[in-house]
Amino acid sequence: MRTEIDDPITLEIIQNSLQATADEMFAVMKKTAMSSIVYEVLDMGTGVTDAKGALASSGAGIPAFVGVLDKAVKVIAKKFGTPGDILPGDVFATNDPYYGGVTHLNDIVVAMPVFACGRIIAWTANIAHNSDLGGMAPGSITDQATEIFQEGLRVPAVKIISKGEPIRPVMEIIKVNSRMPDVLEGDVWAAIASVRIGAKRLQELAEKYGVSTFEKAMSSFMDFGEQVSLAELTNLPKGEFEISEEQDDGRIFNVKITISDTEFVVDLRKNPVQSNKPVNASRDGVMVCAQMLFKSLTDPNSPANEGSFRPIRLLTREGSVFHAKEPAPLGFYYEIELRGKDLMWRCLAPHMPERLAAGHFGSLCGTFTGGIHPDTGRQFTIIEPQVGGWGASPGRDGNTAIFSSFHGETYNCPAEINEARNGLFVERMELNLEPGGEGKYTGGRGIVMDYRIRGESGFLTVGYMRSKFPPWALAGGRVGSPNYVRFIRKDGSSERFAFVSGFTTHADETIRIVTGSGGGYGDPKERDRAAVEEDIKNGLITRERAREVYGIA
Amino acid sequence: MAIKTIRIATDVGGTFTDLVCFETDHSTGESRVITAKSDTIPRNFEEGVLNVLKKGGVDPGSIDFFAHGATVIINALTERKGAKVGLITTEGFRDTLEIARGNRPDFFNLHYQKPKPFVPRYLRRELPGRMSYKGEELRPLDLSGLLAIIDDFKTDGVEAVAICFLHSYANPVHEQTTLVEVQRLWPEVSVVSSHQITREWREYERTSTAVLSAYVQPTAERYLSRLLARLREEGFSKKPYIMQSNCGVDSLESVSKIPITMVESGPASGFWGAAELGKLIGEPSLLALDIGGTTAKCSLIEDGDVKIKTDYWIERDRTSAGYPIMVPVVDLVEIGNGGGSIAWVDDFGKLHVGPQSAGAVPGPAAYGGGGTQATTTDANLWLGRINRDYFCGGEVVADMAAAKAAIEAVAEKLGVDADVAARGIIRIANDNMANALKLVSLNRGHDPREFTLLAFGGGGAMHAVALAAELGVRKIVVPADASVFSAWGMMMSDLRRDYFVTRLIDLKQGAGAGIEQVFAETEERARAQFAAEGIQACRVRFRRYGKFRYQNQDHTIEVLIAAGQLTDERLAEIGTFFHETYEREYTYKLDAPVEIVGIHLIASAEAGKLTMRKRQSTGAQAHAALKGHRNVDYALEGVHQAAIYDSGKLEPGMTFSGPAIVEDPGATVVVHPGNRVEIDGYGNIHIQLAAER
């Protein structure tokens, strides 16, 4: 017989299981999803919260989705607050940032209560990007939207499964609103499978160790997360740090960060009013940015939970770009979140370069293109972020060609699969050799990728930032290079852009995706000569430019 | 006919080279088993092999069946001791190897370091020419630049060339042409092209596979040819077989061409052994667990079937994206938890075990080799689970003072006494291993309660009962000679090749002939390969699997397709089987179109494997094997006086109950209170857990 039931080792074992459960939910979603944005880009996350919606563990593939699910569960738990509103077997969904959805309408959060001893002891939840949820443009994201109503169907925290049985009318409404109904249905069911499997595991766990031990394990796990954060907070430089930065679209963003031994205060109140274009973020979303950066600064190696984030205090102003209110459109919320994170990063980097490298390419470079597959006649849609260059840090060159700091365990699409699945040609995928990012340590390289279109009447939507103002450098390094798309017509004429919506494409036109190099660190003249020679040998820089920038013979 | 058959398996590990020899007498059917160990000789592995044969008293001239496994490949990779490789690839794609997949698993860490490519940019060169995904030539191959590339490679000291072109899985002709031309222009260089190793899509993975294969090829070729030459000198006249990562053996000549397939041969032989043993004793569904000194590995065997996948990566973990090698490898999960794993307490008072290991030097504190950090082995000794007077089969005097000091250091940080700390170490180590077992079972839709746990390796049997209890497993089997079980597995292997071919076809009326054609072509290729080595077509057996998914999905489910010509009439039955398998794994199924993404064909032929015979019993009862009693701490179940049995004296049919310990020179079996133990006809130990705890 078990003699010890709530000793520290048992609690630790339960905590490991909370993590394992979130990971298992993640694996299930990844394997069953129908959209490449889910299974390859891993624009998705899974998590476990306590009964009130405090994050206990998360199985995210990207850091930007770690702190999303708790916020949705809190809204659902509050909305269905009357006893009897929530029953075993129920599943809820929300996609609306004004109803706990945090991000934009494409992302559906699915959440399931976990019952033991007749009460809710936890929630399992899942968020994933859906390819199309209706709205005025294919893929639901367009820079033409002026209100959220144009960005797709709003699912305002509703029940979709009641006591194990799908509520058909709701499911049908969701499905019929999509331009890709079958894919949407497949992805929603994948999410349901994921929360169900997670709920089953937690139930077993609570039965095995007892509900009170289970709950104690959850709360002590969060306290532990807080302890870790507070301990590391004491090692950060203290004081008030502030920066203002002009954006590609001319807006000036500002952040003030105050670090004390117990608090990490992010003040974003001095920012422009919300836009009537979809370049706004919700307050919850901005909180996620602060959480991401804080976690990277304090304890990047252990899993995050509610406690890890307790020292953060966020100040925003309702109706501003970082705290949009209804009905502001939010389609490109992720670029705004990333701008917010990059701004906080840039604000602190000069004061802690050992923790924060120079600026990275700084945009998801979200690329949406689609049309009819010329071989199968089926509709295809590509929704993908791009890889780019990261900034240099003292002692090390930046990484080449990885996804932005918004993403993480995200995979690019192999050209071979892309050509088969989407009926276009990937004519090249190579490093971007444009000048930029030089320094004692250099920024990593972005890429150049050419999509040659095979079919007629396709569409292209992109929203790249850091196209006008390239990634920032540190300590005398050179700035990186910009992100942009060059659209090349059959006759060879071309145009460059960073934001475009619903642009029509034709056969044999080329979409050239160019992502930037990260910022450099330190004076280029101090770069190790052997490293410069290696760069030349590898064709990353010409000898002429090396002479000019690095001052070699 | 000879009166006896001598089969041997040798396994070159990092520290030791192992030998297992079965000498089977045809008149009685009885086998004499010899085991031996000698030091691995790093620069001359083949000498270590000959030494161990000598030590075991085996005359190479008398050997009938020789199976061999070696860590040569994985060592060359992890120690970066391979050849300088030049890569030739499709125009526009020289950077594929460096761009890789762009992922950053350690996603909060802004100082993540992307794995460095094995070939620097200046040695990655391009040739014009393009295939479509359907295998149609879009632009012809232009070899005019090849001579200049080769000249540059020669100048830069390239020792091996890898070739990988886009869509070569669908049509390899550009690769074949280039390969022949490289061989003509530069006959002495080692060269490999991607389609020779894999016919699956994903260009980064295939390029990486070709590059890593080229990287190890000169080393492996040199080793294998020297091994053969030395064996021949000593009079060995048969064909040697080399263990592969797909649980089969292959001929030495064939492996010399694509040696990368040896990369996980060690674990593969153990898990194959598990499957074979399972069939022999009527336990076809197994959770197989191999606990060694630094890691624990596990794999799930369903109905005698060991899962083989091509989704294999080296150096991939939570902090690194690693490098893919797209070859057939047994599906396993490996964690850094073994007997030598170090227990440590973090800044917040949380106890952890592993993944750092005390290794062989200094080893666990109790080895007395200067180790000061507590390991799982030290905790097992402290709690009386391992006999302190029979440590390492009596070869080492346990330094209990050192073990005590090490455990007390952990205890002090936790604010508890040494016993509680030691129990904590065992529980955390067990939890880590239980999670690994869950990854291969629960996480893949299998209920562990429907499986028997087969525990082997030096540490498997020490933790097996606790793990079984945690997972709800009712029965455990510990094989006889558990510590050399992997080598036994090699002797049970067939000559086997796994073919994975990507071919996208909608599963609808009219598709039957196309799918049949892929299988038929691949079977033809397999027969030709076997025939080239003198194995007649009638000896080759096939198993066909299809990789299916719902249209638009990415991940596939492998479904066994019964033998016989595949026609349209059979598609419905295959479709139904897919829907059922899918629903079992993921709780739902869809009314959506299904497609086949490719095939997996297993071709095998028997190579002369061992037939096991039951052992004789004298009819003695278990007390004949009783060595004595001692107090053993079972962690969760507290301290009990346990009966101690000598494994050498256990005989078929003996039964006894826990609390007990079975001591073997290479392993300790921990039997918990309430367990029932029975020895089967082959000397394997069966442990039955109480029906309900």
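Tutor: UniProt positions are given in the numbering used here, feature names are shortened, and annotations may be inferred rather than shown by experiment. This is a predicted model, where local features need pLDDT of at least 70, side-chain atom pairs count only at pLDDT 80 or more, and totals for chains, interfaces and linings use all residues. Residues are numbered from 1 along each chain as its sequence is written, while chains are lettered from A and ligands numbered from 1 in the order in which they are written.
Student: Okay, which feature does UniProt place at residues 206–498 of chain B?
Tutor: The unreviewed UniProt entry puts "domain: Hydantoinase A/oxoprolinase" there.
Student: How much helix and strand is in residues 206–498 of chain B?
Tutor: That stretch is 40% helix and 20% strand, with helices (H or I, at least four residues) and strands (E, at least two) being DSSP runs numbered from the N terminus. Its end C-alpha atoms are 16 Å apart.
Student: New topic: how is chain B divided into domains?
Tutor: Chain B has domain 1 (4–78 + 222–260), domain 2 (85–220) and domain 3 (495–605); such bounds come from an automatic or database domain assignment.
Student: How far apart are the C-alpha centres of domain 2 and domain 3 of chain B?
Tutor: They lie 28 Å apart.
Student: And between the two chains, how many residues are in contact?
Tutor: 63 residues of chain A are in contact with 53 of chain B, counting two residues when their C-beta atoms, placed from the backbone, lie within 7 Å.
Student: What gives the most to chain A's side?
Tutor: That's α1(A), with 10 residues.
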